[in-house]
Amino acid sequence: MVFRVRPAGGLWMAGDNYDYDLVIIGCGVGGHGAALHAVGKGLKTAILTGGDVGGTCVNRGCVPSKALLAASGRVRELRNAHHLKALGVTVDNVKYDRQAIADHAKNLAAKVRSGLENSLTGLGVEVIPEKGSVKGPHEVQAGSRVVRAKDIILAPGSLPFVPRGIEVDEKTVFTSDGGLRLDSVPEWLAIVGSGYIGLEFSDVFTALGSEVTFIEALDRIMPTFDPEIARLAERLLIRPRSIDYRTGVFASEVTPGIPGEKPVTIKMIDANTKEHVETLEVDACLVATGRVPNTKECGLENVGVEMDRGFVPVDERMRVLTKKEGVEVVPNLYCIGDANGKMMLAHAASAQGISAVENIIGRPHAVNHNAVPAACFTHPEIAFVGLNEDQAKDKAKAEGFELGKSTGHFRANSKALAEGEGDGIAKVLFRKDTEEILGVHVIGLHASDLIQECANAVAAGQTVRELSYMVHTHPTLSEVMDSAFKGAVGIRTH
Amino acid sequence: MMRAGHLLVALLATLCPYASSFRLHTPAGLTARAPMARGSVHRSGRVRWVSMQGASTATVVAHDIFMPALSSTMNEGKIVQWTKEEGDFIAKGDIVMVVESDKADMEVESFSEGYLAKKLVDAGGTANVGETVGLIAESKDDIAAVAGGLGSIPSGDANRHDGTTTVRIPPSPTAPSDSAGVPETFMDEAAIAQIGAREVFMPALSSTMTEGKVAKWLKGEGDRVEVGDVVMVVESDKADMDVESFEEGYLAKILVPEGSTARVGETCALIADTQEKIDVVRSAGVQAIASGSGSRHDGTTAVYDRSESPAAPATPVQAAPVVLAPSVPTTDLFMPALSSTMTEGKVTQWLKKVGDKVNVGEMVMVVESDKADMEVESFEEGYIAKVLVDAGDVANVGDPVALLVQSPEDIDKVTAAPRTGAQPAVPPPAAPAAAAATAAAAAGLPAPSRPVISFAAVDTGKYANGFVPPTSLDQDVRAQLPPGYDPDTVAAVYLDQLRSTAQGRAFLEDLDSTPRGQKELQLMLERVKIRAPPLGALVPPDQAISGSLFRESPHVRDLADKAGIDLSTVSGSGPGGRILPQDIAEAASGKREHWGKDEYYQQKKAVWTPAEGVVAATPMARRLAKEKGVDLSSVRGTGNFGRVTGDDVRRALGMPVEKEEPRPAAPPSKPAPPAPAGRPSAAKETAPVKPMAAGLAAMDGMQKAVARNMEATVSVPVFRVSRAIVTDAFDQLYKDVKEKGVTVSALLAKAVALTLEKHPILNAAYDVANGGSIRHPGEVNVAMAVALDGGLLTPVLKQANAVDIFQLSRDWKELVNKARDKKLGAAEMSTGTFYISNLGMMGVNQMDPILPPGVGAIMGVGAAIPRVTVQGNGFIGVQKEMTVTLTCDHRHIYGADAAAFLQDLAHLMENDPQRLLMG
């Protein structure tokens with residue numbers, strides 16, 4: 001029998017000789033979310049930060065990139081004299097200070113990081129700066145000592161993936177880690193990979209004056225986006241800017257340069273034939289080819305877990321499995337966030353952390369990943385939840401229902417026009433029979449804020465008809481969603 | 001009060017023999033200048049609008065001014081300007097308004113006489129083709145009635161589509177131009193005139209009609225057509241009408257088959273003047289239509305051609321068989337209706353370009369409608385041969401936006417089609433200057449780095465000596481205008497281009513000489529200004545128009561002069577990169593920084609040789625080069641590692657650059673290796689060869705001004721006269737007064753000035769105005785050339801005849817110093833009435849100066865060289881002689897004038913130099 005007492009001193013004690021009820025390895029957004037939820041549920045919790053409170057999101061990802069996007073977006077906006085003039089605004093001589101923008105990002109990360117840490121200590125989570133790994137059941141190696149915990153959550157996160165042949169010096173050839181430092185604004189930047197990381201960086205660098213070449217291995221640019229959204233994104237975010245791209249090619253060899261002495265050399269080969277197609281000599285190269293789980297030193301071999309390309313296999317309740325597609329659960333061991341590969345997003349990790357804690361305290365819970373929204377913070381933004389159109393079509397075919405699609409346009413939205421930002425669409429994919437929402441994709445002004453009601457609706461299982469009767473504030477961008485919902489059930493808004 | 005639409009048009013009633021069908025004369029056969037009788041279109045029995053003034057028999061005769069079809073693609077036109085006000089009397093041929101069409105601005109003249117009673121569409125407003133835009137009352141007393149009672153003329157009104165209004169068109173090809181050097185607008189007119197095609201086009205049968213369906217052709221191909229023959233029946237939105245021909249000839253080709261629809265103004269059929277030419281006309285297609293043939297009352301074809309055809313002389317038919325562009329079947333891509341309320345759409349982006357293959361279902365363009373942006377897919381398969389509506393332009397629903405052809409080989413044919421493929425064989429007869437106005441304007445541009453703005457010439461027949469001033473900016477060119485060209489800049493460029501030719505200058509001066517002309521010039525400039533792109537469109541603030549003379553205001557130039565700042569080193573922060581006063585202040589205080597400049601990469605410009613196969617060009621350079629067909633390897637790169645940037649390509653194309661970057665410093669030349677001591681010969685061997693500069697070097701404003709001025713004078717007929725002047729006495733005088741600060745230059749100027757007093761003709765300039773006159777400036781201002789490092793200035797000694805020699809010398813020194821510091825004011829270097837260029841101090845024997853603009857003469861001075869001569873006293877002796885050469889404008893100065901001037905100058909300097917100290 002397990003019981004917990006809470007002594008007057010405020011210290012909690014774990015039962016059964018455990019040092020802690022829960023030890024969390026990794027202090028990114030996922031670990032942090034799990035830790036807060038755990039102490040809220042009365043678990044004695046420790047978190048092993050490995051010296052990286054905040055993890056990728058806060059230090060090398062979402063947070064600093066938003067700072068760069070905010071600053072560079074303003075530069076872009078203020079330099080768009082034509083657009084401003086349409087609003088009756090004249091701005092002369094817009095300048096920026098690269099170092100100040102870089103500092104803004106750095107300071108923001110520091111601020112968020114310290115807030116994060118304070119919340120942990122303030123709420124009673126023991127923060128251990130050591131790096132942790134699984135030593136055995138209930139045992140965690142924390143630096144030189146071993147701590148015992150009843151349950152363990154792995155939240156080690158991920159690292160930028162650097163394909164073979166690419167040499168990274170983080171100065172002229174860099175990953176997102178180096179890119180976010182904004183050490184320079186190169187005349188010509190090559191970005192290997194056209195996913196959302198690459199796209200956001202292209203937004204930053206082109207706004208600041210760089211020219212960009214995307215190198216995409218798949219045969220279309222932005223391959224991870226809904227095809228229609230990708231097409232629009234190409235029209236809005238690539239073509240009008242100083243960007244070009246190559247598709248179907250690998251950057252097979254990238255050699256760093258020396259500023260002012262020699263350029264970065266990028267050799268490209270055909271993705272299929274592997275034959276050399278072109279060599280670029282650029283000023284800098286960002287490698288944005290995705291991320292790999294940071295699980296090498298997690299000690300999972302000590303508990304008999306066979307990893308899948310580095311990802312930790314888990315079931316829907318975040319319990320670690322001995323192998324992929326396996327059924328054998330490793331007791332008291334959970335893995336959340338990028339390391340399990342379910343959905344490599346900060347807020348997904350956080351949701352998974354909370355879910356894992358729920359499961360730990362005996363309330364079975366599973367995250368509905370279909371209802372987790374995602375966003376790309378370009379100008380304009382891209383956001384989506386659920387299936388993309390191709391996936392939805394496949395599903396419709398497989399399950400024999402008719403797929404419905406309705407589109408709302410920013411061009412017809414008063415608020416968007418007032419802002420002079422009429423570009424973009426909101427697309428709702430739904431089952432025609434049940435009117436269940438399968439996916440929503442938005443590209444346009446503040447898309448990342450607009451997606452939320454759809455995510456909520458998907459999570460709550462609301463139908464598109466129910467949404468179409470929800471009242472949307474006028475005049476707001478949310479009416480773009482409204483017109484899409486209404487269009488889905490045959491109500492005209494224009 | 002009169003009710004709208006009820007107006008009695010009396011005069012037509014008797015001309016209407018037809019009870020129920022309209023009989024329509026096409027304007028074919030109507031030459032633009034030859035007004036057609038107002039009754040040429042006869043109305044039916046509905047022709048009477050009964051006045052509502054009860055039983056009054058008073059008749060009010062009104063005419064309307066309607067929006068003419070200025071081109072076959074024009075559906076609507078914008079009234080840029082009304083040149084008449086309400087109440088003004090309008091004579092036949094008076095220009096009533098300026099209309100902006102999709103191609104160009106045109107002046108529209110009235111063929112009716114009367115009083116402008118009401119403008120229905122204000123300046124700036126748009127009207128559909130055929131729509132009534134103004135009302136004319138025949139009598140002054142009727143102005144109020146017409147203005148108050150008639151909102152619009154009922155459909156089928158007699159006055160429209162028959163020549164109530166028309167557009168001035170270029171001179172008919174049969175009428176030889178009266179002056180050589182006239183920019184000939186339509187190059188293939190000679191050939192076209194030989195082909196002699198006429199056309200039948202879709203008339204505007206009512207004010208609401210924008211298109212008509214050819215219900216029936218009453219003549220077949222090959223049929224003889226007489227004037228007055230009904231050739232087709234057209235179904236408009238109101239009624240069926242017979243359309244008859246005013247041309248005689250043979251129906252060569254029916255372009256719009258029965259049952260098909262044509263837009264108002266579109267050519268429906270071609271008429272050949274002889275039977276033999278039917279085939280030629282047929283194969284030539286619409287391009288064979290002679291402009292000004294009257295086939296279109298507005299010269300449409302001509303307008304279209306001008307924007308398309310390069311300035312190539314055409315072939316007269318009798319000289320060589322006409323090579324005609326084969327007609328290629330094309331498929332149109334239309335502007336789709338994307339919503340029930342959409343009437344027009346803007347092509348925001350072409351996803352395919354000319355040459356691209358298009359499959360059925362493939363997205364070809366993005367269209368912005370009133371509600372949404374949509375990608376539009378093609379229902380046709382083929383290759384894009386021609387884009388008719390460029391990205392950013394608007395087309396009405398249903399209008400073709402691009403042409404598809406079935407094979408890639410046909411693309412060129414379609415692209416080339418408008419340039420009726422006659423190859424030049426012999427020069428056209430009575431060849432008026434074989435340069436289109438656009439080309440002339442371009443050729444007149446002195447500086448290659450300045451953007452070429454193509455101004456289209458529309459002959460209004462108004463200006464003396466046949467000069468056709470380009471009066472509007474071709475809209476096709478507008479799209480290529482550099483951003484940041486505000487209306488004033490465009491107007492300034494326009495004026496500058498005009499001034500760059502003698503003819504243009506003469507024209508301007510001509511205009512300037514009368515108040516009426518000045519007003520006209522104002523109108524012209526207004527028209528040119530409206531073609532400016534939106535101010536500052538997409539221009540980052542520091543992007544400057546490189547090399548433009550208009551980057552700075554005179555005030556700013558002044559400031560820069562005073563601060564001693566080279567404007568080319570200042571990046572402007574104003575719209576379009578204009579240099580503002582604060583920029584000068586910042587530059588002066590050294591605070592100026594370039595935004596976005598990144599010390600990390602941009603400080604060091606490495607010398608780098610790209611690896612094999614590497615295209616050293618940025619994405620934007622590649623994109624631009626592809627668009628403009630530029631070979632990147634031919635462009636010198638100024639980017640990092642010597643790569644070609646977008647701006648480098650722009651520079652190569654003579655387009656203004658976007659980013660004002662600091663001028664790339666020349667790669668540091670390696671210092672010569674130190675010569676090893678004691679081995680001078682070795683050192684000599686290894687002495688580096690001084691590298692010679694290669695490539696283009698930018699010219700500064702002063703250099704460009706010199707180039708422009710010099711070019712401008714080549715059209716002036718000059719002659720040159722030289723003589724030797726013995727300078728011993730002059731030299732002696734100089735020695736005597738040297739200590740008092742008197743300079744040779746001042747003495748020379750004084751001598752010339754005093755001599756000019758006696759020879760005012762040498763001090764006068766020729767004025768082209770009013771067929772030529774001699775302009776006496778009223779004072780003697782001697783300008784003398786001063787060589788500067790890389791330039792030339794001509795400071796002016798004002799009233800050199802009146803100012804004493806000592807003051808003159810002081811003035812000169814001051815002027816020279818100012819010139820060296822580039823601080824000369826405009827008045828100090830542009831007010832010369834006579835020029836002296838003295839290269840004697842550099843040992844030059846004799847020189848042959850070029851006449852600067854605005855004066856009658858310049859004198860070149862060589863060195864004074866000792867010569868053995870027989871002197872006046874019979875002894876052989878040595879005397880110093882200098883050779884002076886006068887270059888004079890022979891339009892008003894004759895050889896004897898020059899000789900007499902030199903004789904008196906020589907006399908003064910040789911025999912009476914003391915006089916120089918007196919006056």
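M318(A) is found in the loop between β16 (291-293) and β17 (319-321) of chain A, where helices (H or I, at least four residues) and strands (E, at least two) are DSSP runs numbered from the N terminus. This is a predicted model, in which local features need pLDDT of at least 70, side-chain atom pairs count only at pLDDT 80 or more, and totals for chains, interfaces and linings use all residues. Residues are numbered from 1 along each chain as its sequence is written, chains are lettered from A and ligands numbered from 1 in the order in which they are written, and side-chain values use heavy atoms, with hydrogens and water left out.

M318(A) is not a glycine, yet has a positive phi of about 75 degrees. With a relative accessible area of 0%, M318(A) is buried (buried means under 20% relative accessible area, exposed over 50%, partly exposed in between; 1.4 Å probe, protein chains only). N332(A), also not a glycine, has a positive phi of about 60 degrees. N332(A) lies in strand β18 (residues 329-335) of chain A and is partly exposed, at 24% relative accessible area.

Cis peptide bonds were also found in chain A. The bond from H379(A) to P380(A) is cis, with omega near 0 degrees; P380(A) lies in the loop between β19 (374-376) and β20 (381-386). The bond from H474(A) to P475(A) is cis, with omega near -10 degrees, and P475(A) is placed in the loop between α13 (464-468) and α14 (478-488).

In chain B, V868(B) lies in strand β37 and counts as exposed because its relative accessibility is 63%.
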